[in-house]
Amino acid sequence: MAKTVVIAGGGASGLMAALAAARKGASVTVLEKENRPGKKILASGGGRCNLTNTGDAAGVYGGHDPAFAGRVLSAFSVADTMAVFRDIGLQLTEHEGWVYPLSEQSESVLSLLTAACRRFGVKIKTGEDVRQIRKVKGVFIIETASWHYEAEAVILAGGTSAGAVTSSSDSLIALAASLGHHCYPLKPSLTFLKSDDPLCRRWGGVRCRGEAALLIDNKETAQARGQLQLIDGGISGIPVFQISRGAAEALEKGHRVRLRLSLLPDTAEEVLAERLALWTAERGIDDESLRLFLDGYFPDRLSAALRKELRDRGVSVLRARELEISGCGSLHQAQVASGGVDTGEIDPVSCASTRIQGLYICGEMLDIDGTCGGWNLQFAWSTGTLAGMAAGEYVCSD
């Protein structure tokens, strides 16, 4: 008789766990509280689904034990993940290590993944919000608002409330805690930063390329480069997301946090100064002249925002403008969360709980979060697959 596995959560890690367990011959049921599975998959990568990354994973993961992520990826690698997706029919494309579906539509990932699950007999039940899990005489009792299920193994793959995807919640992390697991508080990661600087009230709605460096108590701790999103009252974009975890932690501890912004990181300050001197020598230094100079580099809204700054401070504002950071986006506004279930209580090769036999925990619920570039989804694919393979083979004996 097939082993029974119930998976709480039908997101990235839950669906991969379901496919892996079903391929081992288990009878698998996925309980998803939403009206369809995989809504965060659909939202990932701006709808393009940056599903993994072929680059070096060193230093991209955070958590109380970041090395846990490395052990997971050693057990089920990026190459293994790409092979699974190709096997279920997904064609892939790569841009500087960032891997996307060839269609560049996240719907392709979800469609083929759910189809593969169903082909192997996985039952996906939507509108099922897991409320309680008990273990009675070696059997798990999983209760929802309307039904209860029994299983020999349970996989918790419920994610967190990060990401503002419909009714995403932290309820399964609370369930893990009720089952005896230690859970670190959830905090925003990969989110925007807030500033009360007057400049941030003038530049809202602009996108431009640049570099952001994080300063904590006057010491530079991180920097990233790419497309910046200049928002009303702050700054966003991938470079800011990459360093936001450190900013959020430092703010919580009461440290002074600043962002040094370089809007022209590839042009030396002395070169800019020479260009501006030649420009104003021919055209004067009035507002119209400065506007035209800045229009040669930036979108008009940013050009207008920088005009007075350029007059008062010179070209240094284009190379090293510091912003005092007053806060960051909330957990609900963040792309992912830091914190979660203590990985010291999880086996990195099987994602099995070391506290309760037959229980597995994977994906965003674990105290691991990565930078942008597909690393968070990769962790979800890897932990989900490892949990599914282990749960599909396991027969509870206690």
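Two strands are taken as paired if DSSP finds at least two bridges between them. The legends below describe close-up views of a predicted model.

**View 1**
Strand β9 (residues 139-144) and strand β8 (residues 130-136) run antiparallel and are joined by 6 bridges. Within this pair, V130 stands opposite T144 of β9.

**View 2. An open sheet of 7 strands shows antiparallel pairing.**
The strand order is β18-β17-β14-β15-β16-β13-β19. The edges are formed by β18 (321-324) and β19 (327-328), each of which pairs on one side only. Strands of a sheet pair through backbone hydrogen bonds, either parallel or antiparallel. Strand β13 (residues 193-194) is joined to β16 (residues 234-237) by 2 bridges, and these strands run antiparallel. In that pairing, L193 has I235 of β16 as its bridge partner.

**View 3. Helix α7 packs on the sheet.**
Helix α7 spans residues 238-252 and touches β13, β14 (206-216), β15 (219-231), β16, β17 (257-262) and β19. The direction of α7 makes about 130° with that of β15.

**View 4. Helix α10 lies across β14, β15 and β18.**
Helix α10 comprises residues 300-313 and runs at about 50° to β14.

**View 5. Helices α1 and α4 pack against each other.**
Two packed helices are described by the angle between their axes and the distance between the axes. For α1 (residues 12-23) and α4 (residues 78-87), the angle is about 75° and the axes are 13 Å apart. Because angles of 65 to 115 degrees count as roughly perpendicular, α1 is described as roughly perpendicular to α4. Helix α1 contributes M16, L19 and R23 to the contact, while α4 contributes V84, F85 and D87. These contact residues divide into 4 nonpolar, no polar and 2 charged.

Key: Residues are numbered from 1 along each chain as its sequence is written. This is a predicted model: local features need pLDDT of at least 70, side-chain atom pairs count only at pLDDT 80 or more; totals for chains, interfaces and linings use all residues. Side-chain values use heavy atoms; hydrogens and water are left out. Helices (H or I, at least four residues) and strands (E, at least two) are DSSP runs, numbered from the N terminus. Contact means heavy atoms within 4.5 Å. Axes are lines fitted to C-alpha atoms, for helices over the stretch in contact, and angles run from 0 to 180 degrees between N-to-C directions. Angles under 35 degrees count as roughly parallel, over 145 as roughly antiparallel, 65 to 115 as roughly perpendicular and the rest as oblique. Ala, Val, Leu, Ile, Met, Phe, Trp, Tyr, Cys and Pro count as nonpolar, Asp, Glu, Lys and Arg as charged, and the others, Gly among them, as polar.
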